[in-house]
Amino acid sequence: MHKPTSRRTLLAAATAAVASACSPRTFSSPATSASAPTSASASASASAAPSASAATRRPAPTRRSDRDRASALLGRMTLDQKIGQLFVLSVYGHSATAPDPGDAAANRKKYGVGSAAELVAKYHLGGIMYTEWANNIRGPRQIAALSNGIQKAALDGSTPVPLLLSTDQEHGMVARIGAPATLLPGAMALGAGGHVPDVRAAARIAGAELAALGIRQDYAPDADVNVDPANPVIGIRSFGASPKAVARLVAAQVEGYQGAGVAATAKHFPGHGDTSVDSHVGLPTITHSRKEWERLDAPPFRAAIAAGIDSVMTAHLLFPALDPADDPATLSRPIITGVLREELGYDGVVITDSLGMQGVREKYGDDRVPVLALKAGVDQLLTPPDLPAAWNSVRAAVRKGEISEDRLDASVLRVLELKARRGLLDEPYTSGRAVDRTVGTREHAATAARIADRTTTLITNRGGLLPLSRRRHRKLLVVGVDPAAPTGTGGPPTAVLARALDALGFTAKALSTGTGSAPDPSPARIDEAVAAARERDAVIVLTRDVDAGSGQRRLVSELSATGMPVVHVAIKDPYDIAQLGNDPGASLATYGWTDVEVRAAARVIAGKRDPRGRLPVAVRRADAPSRVLYPIGHGLSY
């Protein structure tokens with residue numbers, strides 16, 4: 001936990017330190033590509049980049065404390081440079097200086113400049129967030145070169161301050177960087193495994209690979225307690241429904257990420273686990289009482305703070321028990337300053353969720369939201385939809401005294417301290433050597449597979465159908481929904497599962513009957529699946545988000561009616577079995593459809609691994625939701 005210190009004292013102390021802190025000579029320029037180490041220290045850090053079993057990676061030691069160095073930098077900044085440190089933007093393009101023409105045009109339309117380097121120079125940005133939709137992600141060396149190009153643009157300024165490059169790499173259903181980077185099970189899968197060393201190791205692998213790419217802030221872990229099965233935005237992104245278990249696993253991930261040199265971000269404060277509204281498209285309301293918040297929502301955030309979390313992300317939702325005003329938590333001073341900072345004692349960086357989401361835009365204009373967020377106690381403003389309006393409104397608020405310069409300095413100092421703590425003031429660049437030695441290594445892939453093997457949950461197994469026998473069930477049909485891979489690499493799940501079963505001695509045929517956006521099969525597709533099933537020895541059917549009127553429900557029922565053994569695999573939330581009754585002979589939950597999770601299910605189906613996962617959420621009866629069908633902790637073994 002960060003201990004508060006007088007900002008005035010720090011600013012006074014900065015005068016003596018300013019001359020030598022973070023001068024342009026502190027940094028060496030990167031190579032023109034990420035193909036070579038930038039310095040001896042970069043080479044050393046690349047060769048020592050951590051894996052699940054390696055020593056944790058720490059920022060290089062400094063001659064001054066992080067706070068003193070950050071204070072020295074702050075003392076050299078102009079007002080515009082300070083304001084820039086508060087903004088974290090997305091920018092189009094795979095290159096900092098030479099984006100493709102379409103990306104350059106998109107940047108000019110949105111920001112008035114063509115490239116990331118020009119955007120950094122114009123607005124003195126504090127951070128950039130990488131996304132696949134902005135075409136930032138093509139491959140590991142390209143990402144590293146993009147990171148180096150952005151950092152060079154920042155360090156070429158009159159007051160050189162490295163950027164905090166970030167992404168949303170939770171793993172599982174929310175991930176931006178795909179293969180050849182290591183793909184890991186998502187949060188609820190890890191919650192089903194329940195093994196703290198696995199959870200810590202997953203974060204350490206993820207953090208090590210992000211750091212090698214030049215990314216030093218990850219918007220993970222999700223600290224929400226998913227107590228609402230109908231939650232449309234959290235679901236399997238949460239570790240589960242037990243506050244105590246979620247708290248334990250959140251703390252482990254904080255240790256893993258930050259031990260690898262990457263700032264972890266606990267989200268979404270004060271808790272987004274009990275809502276039926278997606279804050280991307282609306283403004284949810286959490287109806288928990290203050291006591292319920294203390295019992296259900298607060299424990300994971302308390303655990304993250306105790307573990308030394310670097311940043312906390314706010315939620316765009318109403319929480320009347322914490323603030324009766326009709327403002328989302330992101331804009332609520334009673335919640336951000338009163339609860340998070342004063343009651344929980346957190347003095348680290350607070351970042352908003354994206355300011356382009358509808359939940360924070362319903363009441364105020366895009367120019368007003370950033371000002372209110374800063375007044376509430378926020379430090380980083382993530383992707384405002386209208387940057388010029390947001391920038392100018394913050395500048396005007398400071399000029400007019402609505403936001404004092406002391407208040408501005410407090411936020412900038414927190415951001416700079418975080419950059420110092422994560423080693424950016426010593427070595428902002430990465431290298432091709434670091435990428436090659438760290439990203440997608442065989443060791444990381446093997447560890448990810450071992451972790452996934454402990455997550456698959458066997459919910460039902462009538463008559464001991466599983467594991468399938470290669471003698472009695474050699475010919476298999478793998479049928480069902482095929483959502484797109486979250487990162488655009490890997491999949492589709494039916495084909496991945498069929499290939500994995502082939503490799504384990506079966507003969508499997510894949511038949512897709514739906515997509516992520518249209519999971520329900522047509523009657524003709526169901527008929528095709530039933531006909532194909534009659535030619536096989538057993539059927540494995542993949543489902544996602546089954547409800548009472550779902551065509552997936554009819555698919556499972558009609559496949560069962562053939563008399564063929566039917567194995568059901570829920571590839572997202574584990575609640576699907578409540579809608580399927582006794583139709584499937586066995587039911588598994590994978591909590592995700594990435595290749596690593598699907599292949600782990602194949603090993604369980606084939607009997608190569610014992611199912612070890614346990615439900616981290618309760619599955620309730622579809623016809624009587626107050627009654628629990630399968631409780632937290634349920635899970636069968638062979």
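Gly149 lies in helix α7, where helices are DSSP runs of H or I with at least four residues and strands are DSSP runs of E with at least two, numbered from the N terminus. The model is a predicted one, in which local features need pLDDT of at least 70, side-chain atom pairs count only at pLDDT 80 or more, and totals for chains, interfaces and linings use all residues. Residues are numbered from 1 along each chain as its sequence is written, and side-chain values use heavy atoms, with hydrogens and water left out.

Between the C-alpha atoms of Gly149 and Ala98, which are 51 residues apart along the chain, the separation is 10.0 Å.

Let me turn to the strands around this helix. Strands β2 (residues 127-130) and β3 run parallel and are joined by 4 bridges; two strands pair if DSSP finds at least two bridges between them. Within this pairing, Ile128 has Leu165 in β3 as its bridge partner.

On its other pairing, β3 runs parallel to β4 (residues 217-218), with 2 bridges, and Ser166 stands opposite Gln217 in β4. In a regular strand the side chains alternate between the two faces of the sheet. For β3 (residues 164-167), both faces are covered: Leu164 and Ser166 are buried on one side, and Leu165 and Thr167 are buried on the other.

What is the order of the strands in the open sheet? The 5 strands follow the order β4-β3-β2-β1-β8, with parallel pairing. β4 and β8 (381-382) stand at the edges with a single partner strand each, so one side of each has no neighbour in the sheet.

Finally, I come to the lining of the largest pocket. That lining has 23 nonpolar, 12 polar and 15 charged residues, where Ala, Val, Leu, Ile, Met, Phe, Trp, Tyr, Cys and Pro count as nonpolar, Asp, Glu, Lys and Arg as charged, and the others, Gly among them, as polar.

Conventions. Buried means under 20% relative accessible area, exposed over 50%, partly exposed in between (1.4 Å probe, protein chains only).
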